[in-house]
Amino acid sequence: LGYTIARYGGFSSVFGFQLFNEVDTDTLDIIPASYHWHKEMASFVHTQDPHGRLVSESFGLAKGDPLLDDMTGFDITTTHDYRSHDLVPSVAKYNEAKAALYRRPTFVGEFGDDNFGQEGV
């Protein structure tokens, strides 16, 4: 992680650092022991990045994980939504709920239309 910050941290095009992409995808849950690791790594990124970029985490499930989304060290929450047929209201609903609950900005990292199970797709 330190190498990644040192190697890419000098580029002004880097928006932030995300510790995992869809950390819950394997089990659709977070292993409780990983909470400490996430908190420690988020703190590490903040102390090592001289430009103070945003630190985030992401989840395969759009609702995220309350323990990580509210954790000190993460600057934004993220939303990935592939299960909705009408994306705009769905993503807006998640963003509004997360912004109100966690009192921090939220970012739509991934989205797509759920066509699974429909004929002809």
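Over the face of which residue does K93 lie, and at what distance from the ring centre?

**View 1. K93 and the ring of Y94.** In this predicted model, K93 is placed over the face of Y94. The distance from the ring centre is 4.7 Å.

**View 2. R7 and the ring of Y8.** Here R7 lies over the face of Y8. The separation from the ring centre is 5.1 Å.

**View 3. The aromatic pair of F20 and W37.** The count of aromatic pairs comes to three. One of them is formed by F20 and W37, in an edge-to-face arrangement with 5.7 Å centre to centre and 70° between the planes. The pair links distant parts of the chain, as F20 and W37 are 17 residues apart. F20 belongs to the loop between β1 (16-18) and α2 (34-48), whereas W37 belongs to helix α2.

**View 4. Accessibility of F20 and W37.** F20 counts as partly exposed because its relative accessibility is 38%. W37 has a relative accessible area of 34% and is therefore partly exposed.

**View 5. The protein chain that surrounds these sites.** The protein chain contains four helices and four strands. Along the sequence, these elements follow the pattern α-β-α-β-α-β-α-β. Of the 121 residues of the protein chain, 38% count as buried. The protein chain exposes about 7600 Å², of which carbon and sulfur atoms supply 58%. Among contacts between residues at least 6 apart in sequence, 66% join residues at least 24 apart.

Methods:
Residues numbered from 1 in each chain as written. Predicted model: local features only at pLDDT ≥ 70, side-chain atom pairs only at ≥ 80, totals over all residues. Heavy atoms only, no water. Phe/Tyr/Trp six-rings, centres within 6.5 Å; stacked < 30°, edge-to-face > 60°. Helix = DSSP H or I, 4+ residues; strand = E, 2+ residues; numbered from the N terminus. Buried < 20%, exposed > 50% of the residue type's maximum accessible area, 1.4 Å probe, protein only. Lys NZ or Arg CZ within 6 Å of the ring centre and 35° of its normal. Contact = heavy atoms within 4.5 Å. Areas by Shrake-Rupley, 256 points an atom, 1.4 Å probe, with all protein chains shown as cover.
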